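Please keep the sequence and the model in view while reading.

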Amino acid sequence: MPKYYEDKEEDGRACSGVREDFKACLLYHDCVVKEGKKPSECLKEGHCKGLQVAFFECKRSMLDTRSRFRGRKGD
């Protein structure tokens, strides 16, 4: 489900690809679009859970000292 664009702007922040996919999943989900709920409410209901976990793991890997050798997850 990740979206990769050839001519998109480079984001220098960590985990930018996962962040972009997570944001798009929440903003364009039926829960937000059709039901008119806030993205935070839809997140509590369990929508886009896989991307939420992937984003968390990517951010957590930045603090892991072993990632100096392995590289960050999700980049």
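## The disulfide of Cys 25 and Cys 48

Cys 25 and Cys 48 are both buried. In this predicted model, the two residues are joined by a disulfide with an S to S distance of 1.9 Å. The bond connects distant parts of the chain, since Cys 25 belongs to helix α1 and Cys 48 to the loop between α3 and α4, 23 residues apart. The torsion about the S-S bond is about -90 degrees, so this disulfide is left-handed.

Most residues other than glycine have a negative phi. Cys 48 counts as buried because its relative accessible area is 11%, under the 20% limit.

## The other disulfides

The protein has three disulfides by the rule applied here. One of them joins Cys 15 to Cys 58, with an S to S distance of 1.8 Å. The angle about the S-S bond is -95 degrees, and the link of Cys 15 and Cys 58 is left-handed. Cys 15 is buried at 0% relative accessibility, and Cys 58 is buried at 1%.

A further disulfide is formed by Cys 31 and Cys 42, whose sulfur atoms are 2.0 Å apart. This pair brings together helix α2, which holds Cys 31, and helix α3, which holds Cys 42; the two residues are 11 apart in the chain, and the pair is described as linking distant parts of it. The link of Cys 31 and Cys 42 is left-handed, with -90 degrees about the S-S bond. Both Cys 31 and Cys 42 are buried.

When the bonded cysteines are counted along the chain, the disulfides follow the pattern 1-6, 2-5, 3-4.

## The aromatic pair

The count of aromatic pairs comes to one. Phe 22 and Phe 55 form this pair, with 6.1 Å from centre to centre and 25 degrees between the planes. The pair counts as stacked because the angle of 25 degrees is under the limit of 30 degrees. Phe 22 is part of helix α1 (residues 16-27) and Phe 55 is part of helix α4 (residues 49-61), 33 residues apart.

Phe 22 is buried, with a relative accessible area of 13%, and Phe 55 is buried at 19% relative accessibility. Beyond its neighbours within four places in sequence, Phe 22 is in contact with Leu 43, Cys 48, Leu 51, Gln 52 and Phe 55.

## The nonpolar core

The largest nonpolar core has 10 residues, including Phe 22, Phe 55, Cys 25 and Cys 48. Cys 15 and Cys 58 are also among its members, as are Val 18 and Leu 51. Helices α1 and α4 each supply at least two residues of this core. Helix α1 gives the most, with four residues.

## Confidence of the model

The mean pLDDT of the protein is 81, and 75% of its residues reach 70 or more. Confidence is highest in helix α2 (residues 30-33), at a mean of 91, and lowest in helix α5 (residues 67-70), at 65. Where pLDDT is low, the predicted coordinates should not be read in detail.

Note on methods. Residues are numbered from 1 along each chain as its sequence is written. This is a predicted model: local features need pLDDT of at least 70, side-chain atom pairs count only at pLDDT 80 or more; totals for chains, interfaces and linings use all residues. Side-chain values use heavy atoms; hydrogens and water are left out. pLDDT is the predictor's confidence in each residue, from 0 to 100. Rings of Phe, Tyr and Trp (its six-membered ring) pair if their centres lie within 6.5 Å; planes under 30 degrees apart count as stacked, over 60 as edge-to-face and the rest as tilted. Buried means under 20% relative accessible area, exposed over 50%, partly exposed in between (1.4 Å probe, protein chains only). A nonpolar core is a set of buried Ala, Val, Leu, Ile, Met, Phe, Trp, Tyr and Cys residues joined through side-chain atoms within 4.5 Å. Contact means heavy atoms within 4.5 Å. A disulfide is a pair of cysteine sulfur atoms within 2.5 Å.
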